[in-house]
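Hi everyone, thanks for coming.

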Amino acid sequence: MKLIIFDLDQTLVDFISVHDEATQELFKSFFSVDARLTDIDFAGRSLSDNFRELGKLKNVPDATFNEKSSRLFEAYEDAFDRKIPADASRHILLGARELLERLSRTDNIIALYTGDSPGIVASVFRVTELGRYFSFCLYGTEVATRADMVKLAIDKAKKMARRNFKGKDVVIIGDSVRDIECGKLFNALTIAVATGFHSAEKLSEAGPDYLFDDLSDSAKVMRAIG
Ligand SMILES: [Mg+2]
């Protein structure tokens with residue numbers, strides 16, 4: 001039995017256009033600046049960290065940002081939910097649903113960790129129906145680092161299964177260098193997929209145990225998981 005932790009954005013789904021539109025709209029209305037998510041290296045980080053960095057890049061004073069940040073989050077979740085297409089089939093990445101389907105027929109514990117907030121994940125699950133595959137979700141907006149989410153995931157899995165998950169019992173699947181770096185802190189099995197904004201070359205330099213172009217060959221990914 002393993003604990004398999006999936007990243008969401010650019011690993012299982014691609015809603016970058018929706019994130020980017022919402023970011024542009026909100027930064028314009030809150031801070032009167034033109035800002036795009038793609039102006040920064042957002043991959044594998046929390047929404048809160050990304051907003052803060054984008055604010056700094058666009059010279060939004062810290063005091064202004066802090067004063068408006070909680071309202072910004074609420075408005076972002078509303079904007080994201082308004083903009084997300086009802087038919088999300090083309091936003092689910094190749095092979096993602098099939099892999100989750102196959103894993104759901106095993107005794108492994110499947111978890112989600114993401115830099116998104118609970119509201120964003122709820123919108124994504126509403127239109128993709130991917131939520132049913134996960135035993136639980138961890139959100140980057142509720143903890144300081146990605147590693148904190150993994151710690152919480154291991155604790156939760158331990159309570160659920162009444163056994164420990166150590167080293168390669170933990171599998172992390174993600175599209176960013178930060179997912180691999182985070183997995184290495186736990187000596188976890190790391191599987192990188194080059195469906196995001198970090199190139200296969202950059203991912204390879206981070207030294208994942210496995211690197212795939214995408215999740216389309218789910219049999220191969222299942223073998224890598226072990
Ligand atoms: Mg990602």
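Before we look around, one convention: when two axes make an angle under 35 degrees, we call them roughly parallel, and over 145 degrees roughly antiparallel. Please also keep in mind that what you see is a predicted model.

How do helices α3 and α5 cross? Helix α3 covers residues 62-83 and helix α5 covers residues 118-128; their axes come within 9 Å and cross at roughly 10°. The two helices are therefore roughly parallel to each other. On the α3 side, the contact is made by Glu-77, Phe-80 and Asp-81, and on the α5 side by Gly-119, Ile-120 and Ser-123.

Now let's step back to the whole chain. It has nine helices and six strands. Its radius of gyration is 17 Å, close to the 17 Å that the globule rule gives for 226 residues, so the chain is as compact as a globular protein of that length. If you picture a box along the principal axes, the C-alpha atoms fill roughly 50 × 35 × 35 Å. Of the 226 residues, 43% count as buried. And if we take contacts with a separation of 6 or more, 64% of them come from residues 24 or more positions apart.

On to the strands. They form an open sheet of six, in the order β3-β2-β1-β4-β5-β6, with parallel pairing. Which strands sit at the edges? They are β3, at 136-139, and β6, at 210-212, and each pairs on one side only. From one strand to the next, the twist averages 20°.

Follow the sheet to β6, and you meet its partner β5, residues 189-193; the two pair in the parallel sense over three bridges. There you can find Val-193 standing opposite Phe-212 in β6.

Helix α6, residues 146-161, lies across β1, β2, β3 and β4, and runs at about 160° to β2.

One last stop, at Ile-16. This residue belongs to helix α1, which spans residues 16-31. Is Ile-16 buried or partly exposed? With 17 C-beta neighbours inside 10 Å, Ile-16 counts as partly exposed; a buried residue would need 20 or more. Leu-37 is 21 residues away from Ile-16 along the chain, and their C-alpha atoms are separated by 8.6 Å.

Terms used
Residues numbered from 1 in each chain as written. Predicted model: local features only at pLDDT ≥ 70, side-chain atom pairs only at ≥ 80, totals over all residues. Axes fitted to C-alpha atoms, helices over the stretch in contact; angles between N-to-C directions. Helix = DSSP H or I, 4+ residues; strand = E, 2+ residues; numbered from the N terminus. Parallel < 35°, antiparallel > 145°, perpendicular 65-115°, else oblique. Contact = placed C-beta atoms within 7 Å. Pairing = 2+ DSSP bridges. Rg over C-alpha atoms; globule rule 2.2 N^0.38 Å. Buried ≥ 20, exposed ≤ 12 C-beta atoms within 10 Å, placed from the backbone.
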